[in-house]
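Subject: Structure for you to look at

Hello,

Here is the structure I said I would pass on. My notes on it follow below the display.

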Amino acid sequence: MYRNSNALGESAWVRWSLIAVSLAFLSLLLLTPLAAVFYEAFRKGWAAYIQAISEPDALAAVRLTLVTAAIAVPANVLFGLAAAWAIAKFDFPGRSLLTSLISLPFTVSPVISGLIFILLFGARGWLGPWLSSHGLRVVYAPPGIVLATIFVTFPFVAQELIPLMQEQGDEEEQAALTLGASGWQTFRLVTLPNVKWALLYGVILCNARAMGEFGAVSVVSGHVRGQTNTIPLHVEILYNEYNFSAAFAVASLLSFIALITLAVKSIAERKTRTEMEAVRKVDERVP
Amino acid sequence: MKIHLSGVNKSFGDFVALRDIELTIDDGELVALLGPSGSGKTTLLRLIAGLERPDPIPGCRIEFDGVDVTHTSVRERRVGFVFQHYALFRHMTVFDNIAFGLRVRPRRLRPSKQEIAAKVNELLDLVQLKGLAHRYPNQLSGGQRQRVALARALAVEPNVLLLDEPFGALDAKVRQDLRRWLRRLHDEIHITSVFVTHDQEEALEVADRVVVMNKGAIEQIGTPDEVFHQPASEFVMRFLGNVNIFHGRIRSGKAFFGEFILDPIGRNGFPSGERDARLLVRPENVELYRDDPGYPAFRARVQRIQLAGPYVKIELLTPVGESLHAFLPHARFQEMRFIENEPVYVTFRDPKVFVDGQAPLAGVHAERAQGEPEASEAPYSHAGV
């Protein structure tokens, strides 16, 4: 930490009180709850903790969460790469519309996102009758949870990649083509390595949200224990049953994911910044 | 590899970037596409590379050695393309950059690891970058990056080498060294090469032939000597080198530019009737005399003398108060020792008269005959060098 200049001329006590206020705020709203989660989780000891997270319904919730993330994250990586590629490297009609549509899930309440799927696939929804006549269940079943999760998390990867790819332009890809590389080789050897850290950053945020999503998933899940509960839903059920230590034990799993995410994120963020700076450095017109 | 283009047009939406391009580049030639920005020179280069597609108009054809490549993809054309900002792969070392084109070949055509290494080292030698093989692009200077880009393009043994503003992003000194080096390299490897530039000096110094472009069309194709000394149009003369420009009129077979009256030389004469015309003279073709040279000349006054540089630059003031530039060799100036404010006699060597839509007309000083209109009657103005 250093100060850019003395021009603002704030006296020491102003600076320190600003720092103190921010720290107090952070502790109150972020650190204390996090500590409380772990405290409550372990209050009844290791045995109770292990028991709470290895109970069949909890394991089923963990499994469903992992499966959901394992489908949603790769799906959004593919979508994100395709959309970022299209937006950054081509000019086509509807380009700016696509750009704003990508961030739509961020602006819509997750509950609404869930309801959309009920309206589409529910028993009285548009596609509901057709689906049930073919014996397919989407809402109140894992497919609905996966769909809602994909919808809620799809901006993450694309939004990380678009600015970087726009900055990098497409001259390197053109150079690869003139050197005889195929489209796939160009993507694998030139495009992907140039955005790998931004991609990782997007994947991590996407994954964290996929595992932690509550609202949209809650609407489409139906809360069938052992079948359509994800970790966040399971935590809610335990809590509503006044089973606090079990609720916090399962919640601590999500908190671990959050901490790991934070660590990887800060590394990826730094590397992404280096990628960005590398672009500017190479493009500088220096002799 | 001989390149031939005919009937090539290219537009981007409503903007016409190229119209009716007709161009032949001979095997082993080094050709410059020269023009101001927006003249279509880079688009033409990208069309040759296959990075752009010409407008699908009947009769449009791009040929390499007589083979139609109009619809051949950039991959299959085997061109070496050096981008203006080099487009080096930023996450690869110099070695990997140069080896890229060999490594992406299909397995049966791909050289062995040892062969690739040998080829890359040979190219590093050629571009004088031995020892930098393991650097990354952002650890290189602009000139070094340029040479890596060149080596990378040459690694695939291309049919033609295409360079987009190869020296554009470099500072003046590096640029000069590099363009001489490029010329020597071309003399060594004799690959058909085309480069784009907006710098006339660069084009004239490096190229075997120069293609001068303006507003999407080719104005003139010729050797540096031809385009400089026998410009096909007013644009070419103005774009290449310095010029003094006088605005005047053609009337009854003579050209009037204020004090200055020209008789036509050559068979064609000046167009009949009254026409607006421009007189263009290069400053190095302006001759100054202290005493009456004994043949038609006009008077002017020395205003400013600038001694620095390859020429002595003299700014003169004509009797109607317009300025005119003359570039004198230092030896001649030493002989004459003009001083500021001195009245002198001025004659023009090789003045060229341009009338809209016509090839340049040559003229020679005419004596003013009795009853000729007064100088001040003719519209007269002047644009500087």
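**Overall picture**

In chain B, 41% of the 385 residues count as buried, where buried means 20 or more other C-beta atoms within 10 Å of the residue's own, exposed means 12 or fewer, partly exposed is anything in between, and C-beta atoms are placed from the backbone. This is a predicted model, in which local features need pLDDT of at least 70 and side-chain atom pairs count only at pLDDT 80 or more, while totals for chains, interfaces and linings use all residues. Residues are numbered from 1 along each chain as its sequence is written, and chains are lettered from A and ligands numbered from 1 in the order in which they are written.

The model scores ipTM 0.80 and pTM 0.80. Chain B has a mean pLDDT of 88, with 94% of its residues at 70 or more; pLDDT is the predictor's confidence in each residue, from 0 to 100. Over residues 368-385 of chain B pLDDT stays under 50, and the model has 29 contacts beyond four places in sequence for that stretch. Two residues are in contact if their C-beta atoms, placed from the backbone, lie within 7 Å. Where pLDDT is low, the predicted coordinates should not be read in detail.

**Chain A**

Chain A has 14 helices and 0 strands. Helices (H or I, at least four residues) and strands (E, at least two) are DSSP runs, numbered from the N terminus. Of the 287 residues of chain A, 36% are buried, and the C-alpha atoms fill a box of roughly 70 × 65 × 30 Å along the principal axes. Among contacts in chain A between residues at least 6 apart in sequence, 77% join residues at least 24 apart.

Between them, 6 residues of domain 1 of chain A are in contact with 8 residues of domain 2 of chain A. The domain 1 side of this contact divides into 5 nonpolar, no polar and 1 charged. Here Ala, Val, Leu, Ile, Met, Phe, Trp, Tyr, Cys and Pro count as nonpolar, Asp, Glu, Lys and Arg as charged, and the others, Gly among them, as polar.

**The A-B interface**

Across the interface, 20 residues of chain A are in contact with 27 residues of chain B. On the chain A side, α10 (171-178), α11 (183-212) and α14 (244-283) each supply at least two residues, and the largest share, 6 residues, comes from α10(A). The chain A side divides into 10 nonpolar, 5 polar and 5 charged residues.

**Chain B**

Chain B has 10 helices and 22 strands, and its C-alpha trace spans about 85 × 50 × 30 Å along its principal axes. Four of the strands, in the order β2-β1-β4-β5 (chain B), form an open sheet with antiparallel pairing; two strands pair if DSSP finds at least two bridges between them. β2 (15-25) and β5 (67-68) of chain B stand at the edges with a single partner strand each, so one side of each has no neighbour in the sheet. Strand β1 (residues 3-12) of chain B is joined to β2(B) by 7 bridges, and His4(B) has Thr24(B) as its bridge partner in β2(B).

How many residues of strand β8 (residues 192-197) of chain B are buried? The count is 6 of the 6, so β8(B) is largely enclosed by the rest of the structure. Thr192(B), Val194(B) and Val196(B) point one way from β8(B), and Ser193(B), Phe195(B) and Thr197(B) the other way. In a regular strand the side chains alternate between the two faces of the sheet.

β8(B) runs parallel to strand β3 (residues 30-34) of chain B, with 5 bridges, and Leu33(B) has Val196(B) as its bridge partner. β8(B) also runs parallel to strand β7 (residues 160-164) of chain B, again with 5 bridges, and there Leu161(B) is partnered by Ser193(B). From β7(B) the chain crosses through helix α6 (residues 172-189) of chain B to β8(B) in a right-handed β-α-β crossover, that is, with the strands pointing away from the viewer, the path from the first strand over the helix to the second runs clockwise.

Glu29(B) is in the loop between β2 and β3 of chain B, and is buried, with 20 other C-beta atoms within 10 Å. Not counting residues up to four places away in sequence, Glu29(B) touches Thr192(B), Asp208(B) and Arg209(B). Glu29(B) and Asp208(B) are 179 residues apart in sequence and 6.4 Å apart in space, C-alpha to C-alpha.

Regards
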